[in-house]
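Here is a short report on one predicted model. Look over the sequence and the fold before reading on.

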Amino acid sequence: MWLCAIGGITISVGPVLWHLLKPLRRLFVQLAEKVKQGLIWLFEKIVLPTCVRFHEMGIWEALAHGVAFLLTAQGCRMQEGPAEFVAISGLVASLCACGYSTSLHGKAALHVLQHECKFNAELVVYVLMAGLFAP
(Lines give C-alpha, C1' and ligand atoms only; values in the text may rest on other atoms or scores of the structure.)
Protein backbone atom coordinates (compact mmCIF):
# COMPACT_ATOMS: atom_id res chain seq x y z
CA MET A 1 0.00 0.00 0.00
CA TRP A 2 2.77 2.40 0.97
CA LEU A 3 4.48 1.73 -2.38
CA CYS A 4 1.37 2.94 -4.20
CA ALA A 5 1.32 6.06 -2.02
CA ILE A 6 4.96 6.82 -2.90
CA GLY A 7 4.18 6.29 -6.59
CA GLY A 8 1.16 8.62 -6.37
CA ILE A 9 3.16 11.36 -4.67
CA THR A 10 5.88 11.03 -7.30
CA ILE A 11 3.39 11.23 -10.15
CA SER A 12 1.69 14.31 -8.75
CA VAL A 13 4.69 16.21 -7.33
CA GLY A 14 7.30 15.18 -9.93
CA PRO A 15 6.03 17.27 -12.86
CA VAL A 16 5.47 20.28 -10.61
CA LEU A 17 9.06 20.10 -9.38
CA TRP A 18 10.23 19.65 -12.98
CA HIS A 19 8.56 22.90 -14.03
CA LEU A 20 9.56 24.82 -10.88
CA LEU A 21 13.21 23.86 -11.27
CA LYS A 22 13.42 24.84 -14.94
CA PRO A 23 15.42 28.06 -14.20
CA LEU A 24 17.81 26.07 -12.03
CA ARG A 25 18.28 23.48 -14.79
CA ARG A 26 18.97 26.28 -17.28
CA LEU A 27 21.54 27.73 -14.87
CA PHE A 28 23.25 24.34 -14.57
CA VAL A 29 23.37 23.95 -18.36
CA GLN A 30 24.97 27.40 -18.71
CA LEU A 31 27.41 26.61 -15.91
CA ALA A 32 28.34 23.32 -17.56
CA GLU A 33 28.93 25.13 -20.87
CA LYS A 34 31.22 27.67 -19.16
CA VAL A 35 33.14 24.89 -17.41
CA LYS A 36 33.50 23.06 -20.74
CA GLN A 37 34.84 26.21 -22.43
CA GLY A 38 37.21 26.80 -19.51
CA LEU A 39 38.57 23.26 -19.67
CA ILE A 40 39.05 23.48 -23.43
CA TRP A 41 40.91 26.77 -23.01
CA LEU A 42 43.03 25.27 -20.18
CA PHE A 43 44.08 22.28 -22.25
CA GLU A 44 44.69 24.21 -25.47
CA LYS A 45 46.56 27.14 -23.92
CA ILE A 46 48.36 25.60 -20.92
CA VAL A 47 48.47 21.79 -20.76
CA LEU A 48 49.24 21.00 -24.40
CA PRO A 49 51.97 23.66 -24.84
CA THR A 50 53.53 22.59 -21.53
CA CYS A 51 53.63 18.94 -22.62
CA VAL A 52 55.15 19.91 -25.97
CA ARG A 53 57.82 22.02 -24.25
CA PHE A 54 58.61 19.19 -21.84
CA HIS A 55 59.04 16.91 -24.86
CA GLU A 56 61.33 19.39 -26.63
CA MET A 57 63.40 20.01 -23.49
CA GLY A 58 63.83 16.29 -22.77
CA ILE A 59 61.97 16.27 -19.46
CA TRP A 60 59.78 13.31 -20.44
CA GLU A 61 62.89 11.42 -21.53
CA ALA A 62 64.67 12.10 -18.25
CA LEU A 63 61.54 11.15 -16.35
CA ALA A 64 61.30 7.85 -18.21
CA HIS A 65 64.92 6.97 -17.44
CA GLY A 66 64.48 8.07 -13.83
CA VAL A 67 61.41 5.89 -13.32
CA ALA A 68 63.20 2.93 -14.90
CA PHE A 69 66.17 3.42 -12.58
CA LEU A 70 63.93 3.84 -9.52
CA LEU A 71 62.03 0.64 -10.33
CA THR A 72 65.27 -1.29 -10.70
CA ALA A 73 66.66 0.19 -7.47
CA GLN A 74 63.44 -0.62 -5.63
CA GLY A 75 63.75 -4.20 -6.86
CA CYS A 76 67.19 -4.36 -5.22
CA ARG A 77 65.81 -3.07 -1.92
CA MET A 78 62.82 -5.40 -1.61
CA GLN A 79 62.58 -8.88 -0.18
CA GLU A 80 63.31 -11.79 -2.48
CA GLY A 81 59.81 -12.78 -3.65
CA PRO A 82 58.39 -9.70 -5.36
CA ALA A 83 61.79 -8.05 -5.90
CA GLU A 84 62.40 -9.96 -9.11
CA PHE A 85 59.16 -8.73 -10.65
CA VAL A 86 59.81 -5.12 -9.69
CA ALA A 87 63.35 -5.35 -11.08
CA ILE A 88 62.04 -6.89 -14.31
CA SER A 89 59.54 -4.02 -14.54
CA GLY A 90 62.46 -1.62 -14.18
CA LEU A 91 64.38 -3.40 -16.94
CA VAL A 92 61.39 -3.30 -19.27
CA ALA A 93 60.92 0.39 -18.46
CA SER A 94 64.62 0.90 -19.20
CA LEU A 95 64.18 -0.69 -22.63
CA CYS A 96 61.15 1.49 -23.31
CA ALA A 97 63.07 4.61 -22.22
CA CYS A 98 65.98 3.58 -24.44
CA GLY A 99 63.59 3.13 -27.36
CA TYR A 100 62.09 6.55 -26.68
CA SER A 101 65.54 8.15 -26.61
CA THR A 102 66.51 6.36 -29.81
CA SER A 103 63.35 7.49 -31.55
CA LEU A 104 64.04 11.08 -30.49
CA HIS A 105 67.77 11.34 -31.14
CA GLY A 106 68.88 8.39 -33.22
CA LYS A 107 66.57 8.22 -36.22
CA ALA A 108 69.20 9.47 -38.65
CA ALA A 109 71.88 7.15 -37.29
CA LEU A 110 69.57 4.13 -37.41
CA HIS A 111 68.58 5.00 -40.97
CA VAL A 112 72.25 5.15 -42.03
CA LEU A 113 73.08 1.91 -40.22
CA GLN A 114 70.15 -0.02 -41.65
CA HIS A 115 70.16 1.21 -45.25
CA GLU A 116 73.72 2.16 -46.08
CA CYS A 117 75.70 -0.24 -43.88
CA LYS A 118 73.14 -3.10 -44.01
CA PHE A 119 73.30 -3.32 -40.22
CA ASN A 120 70.37 -4.98 -38.43
CA ALA A 121 69.57 -2.73 -35.47
CA GLU A 122 66.73 -4.98 -34.33
CA LEU A 123 69.22 -7.76 -33.69
CA VAL A 124 71.19 -5.46 -31.39
CA VAL A 125 68.02 -4.62 -29.48
CA TYR A 126 67.22 -8.32 -29.04
CA VAL A 127 70.76 -9.02 -27.82
CA LEU A 128 70.49 -6.13 -25.33
CA MET A 129 67.16 -7.48 -24.10
CA ALA A 130 68.63 -10.95 -23.67
CA GLY A 131 71.61 -9.47 -21.83
CA LEU A 132 69.35 -7.56 -19.46
CA PHE A 133 67.24 -10.56 -18.57
CA ALA A 134 70.09 -13.08 -18.33
CA PRO A 135 71.00 -13.96 -14.76
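## Glu61 in helix H3

Leaving aside its neighbours within four places in sequence, Glu61 contacts Tyr100, Ser101, Leu104 and His105. Contact means heavy atoms within 4.5 Å. Glu61 sits in helix H3, residues 59-77. Helices here are DSSP runs (H or I, at least four residues), numbered from the N terminus.

Glu61 has a relative accessible area of 15%, so this residue is buried. Buried means under 20% relative accessible area, exposed over 50%, and partly exposed in between (1.4 Å probe, protein chains only).

## Basis of the model

This is a predicted model: local features need pLDDT of at least 70, side-chain atom pairs count only at pLDDT 80 or more, and totals for chains, interfaces and linings use all residues. Residues are numbered from 1 along each chain as its sequence is written, and side-chain values use heavy atoms, with hydrogens and water left out.

## Gly90 in helix H4

Gly90 belongs to helix H4. Its relative accessibility is 0%, so Gly90 counts as buried. Beyond neighbours within four places in sequence, Gly90 touches Ala68, Leu71 and Thr72.

Cys51 lies 39 residues from Gly90 in sequence. In space, the C-alpha atoms of Gly90 and Cys51 are 24 Å apart.

## Where H1 meets H2

Helix H1 covers residues 2-20 and helix H2 covers residues 22-57. Their axes come within 4 Å and cross at roughly 55°. H1 and H2 are therefore oblique to each other. Angles under 35 degrees count as roughly parallel, over 145 as roughly antiparallel, 65 to 115 as roughly perpendicular, and the rest as oblique. Axes are lines fitted to C-alpha atoms, for helices over the stretch in contact, and angles run from 0 to 180 degrees between N-to-C directions.

Trp18, His19 and Leu20 in H1 meet Lys22, Pro23 and Arg25 in H2. By class, this contact has 3 nonpolar, 1 polar and 2 charged residues. Ala, Val, Leu, Ile, Met, Phe, Trp, Tyr, Cys and Pro count as nonpolar, Asp, Glu, Lys and Arg as charged, and the others, Gly among them, as polar.

## The largest pocket

The largest pocket holds about 300 Å³ of space. A pocket is an open set of points on a 1 Å grid over the protein atoms alone, where a 1.4 Å probe fits, with protein on both sides within 12 Å along at least five of seven lines; lining residues have an atom within 4 Å of a point.

The lining has 14 residues, and Cys98, Thr102, Ala121, Val125 and Leu128 lie nearest the centre. Helices H4 (80-105), H5 (107-116) and H6 (121-133) each give two or more residues. H4 supplies the largest share, 6 residues. The lining has 10 nonpolar, 4 polar and no charged residues.

## Leu110 in helix H5

Leu110 is in helix H5. At 28% relative accessibility, Leu110 counts as partly exposed. Leaving aside neighbours within four places in sequence, Leu110 contacts Thr102 and Ala121.

How values were computed: Grid points are joined across faces, edges and corners, and a volume is the space filled by probe spheres set on the points.
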